[in-house]
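Subject: Structure handover

Hello,

Please find the structure below.

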Amino acid sequence: MKPAKNTICLWYNGDAEEAARFYARTFPDSSVGAMMRAPGDFPSGKKGDLLTVEFTVLGIPCLGLNVGPAFKHSQAFSFQVATADQAETDRYWNAIVGNGGEENACGWCRDKWGLFWQITPVALTNAVADPDRAVAKRAFDAMLKMKKIDIAAIEAARRG
């Protein structure tokens with residue numbers, strides 16, 4: 001198998017397989033692929049420990065690297081998931097937050113492994129890009145008061 005030309009490598013503290021399997025269950029066009037065990041001891045593990053997990057999230061190739069607690073995920077990197085409606089927004093948000101994650105502001109949440117997600121309805125993106133800048137500002141201001149995005153509230157703000 002030819003590897004992807006560009007793969008996102010994500011650092012985990014020994015639980016990359018659990019994370020990959022969660023993503024594969026939660027998001028379409030997602031799967032778990034090859035796993036590699038360490039051929040020798042390394043600073044945070046032993047020979048035979050699961051070192052890497054190849055997986056795909058929403059069509060994006062990723063590599064989970066099980067190398068310990070030295071580095072944590074931050075909001076400097078996140079997956080932005082465009083959702084079609086409130087049901088899809090709720091489903092992804094609730095899956096992440098309900099599986100040991102936490103809510104953040106403006107459609108952001110963090111999964112239990114520390115990875116950040118932006119669950120972003122297309123309706124929000126369209127509203128804040130409205131050519132009428134007053135409309136865009138109303139939608140933007142409404143978003144700033146939310147954790148999970150409420151599409152009906154965004155549309156109400158858009159209408160004024």
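This is a predicted model: local features need pLDDT of at least 70, side-chain atom pairs count only at pLDDT 80 or more; totals for chains, interfaces and linings use all residues.

Residues are numbered from 1 along each chain as its sequence is written, and side-chain values use heavy atoms, with hydrogens and water left out.

Salt bridges

The structure holds 6 salt bridges. The term stands for a side-chain nitrogen of Lys or Arg within 4 Å of a carboxyl oxygen of Asp or Glu. Three of them are described here.

R21 and E17 form a salt bridge, at 3.0 Å from N to O. Both residues lie in helix α1 (residues 16-26). They are 4 residues apart, about one turn of the helix. Helices (H or I, at least four residues) and strands (E, at least two) are DSSP runs, numbered from the N terminus. R21 is partly exposed, at 38% relative accessibility. E17 is partly exposed too, at 26%. For these labels, buried means under 20% relative accessible area, exposed means over 50%, and partly exposed is in between (1.4 Å probe, protein chains only).

K137 and D141 also meet in a salt bridge, at 2.6 Å from N to O. This pair sits in helix α4, 4 residues apart, or about one helical turn. K137 has 49% relative accessibility, so it counts as partly exposed. D141 has 28% and counts as partly exposed.

D90 and K148 form a salt bridge, with their closest N and O atoms 3.2 Å apart. This pair links distant parts of the chain, 58 residues apart. D90 is in helix α2 (residues 86-98), and K148 is in the loop between α4 (133-144) and α5 (151-159). D90 is partly exposed at 22%, and K148 is partly exposed at 27%.

Aromatic rings

The whole structure has 10 aromatic pairs. Rings of Phe, Tyr and Trp (its six-membered ring) pair if their centres lie within 6.5 Å; planes under 30 degrees apart count as stacked, over 60 as edge-to-face and the rest as tilted.

Why is the pair of W11 and F71 edge-to-face? Their planes are at 90 degrees, with the ring centres 5.0 Å apart. W11 lies in strand β1 (residues 8-12) and F71 in the loop between β4 and β5 (78-83), so the pair ties together parts that are 60 residues apart in sequence. W11 is partly exposed at 29%, whereas F71 is exposed at 54%.

F27 and W117 form a stacked pair, 4.9 Å centre to centre, with 15 degrees between the planes. This pair links distant parts of the chain, 90 residues apart. F27 is in the loop between α1 and β2 (31-37), and W117 is in strand β8 (residues 116-121).

F27 and W117 belong to one aromatic cluster, whose members include F22, Y23, F55 and Y92. The charged end of R91 sits over the ring of Y92, 5.4 Å from its centre. That label requires NZ of Lys or CZ of Arg within 6 Å of the ring centre and within 35 degrees of the ring normal.

Backbone angles

L58 is not a glycine, yet it has a positive phi of about 50 degrees. L58 is in the loop between β3 (50-57) and β4 (60-66), and is partly exposed at 32%. C106, also not a glycine, has a positive phi of about 60 degrees. C106 lies in the loop between β6 (102-103) and β7 (108-110).

Best regards
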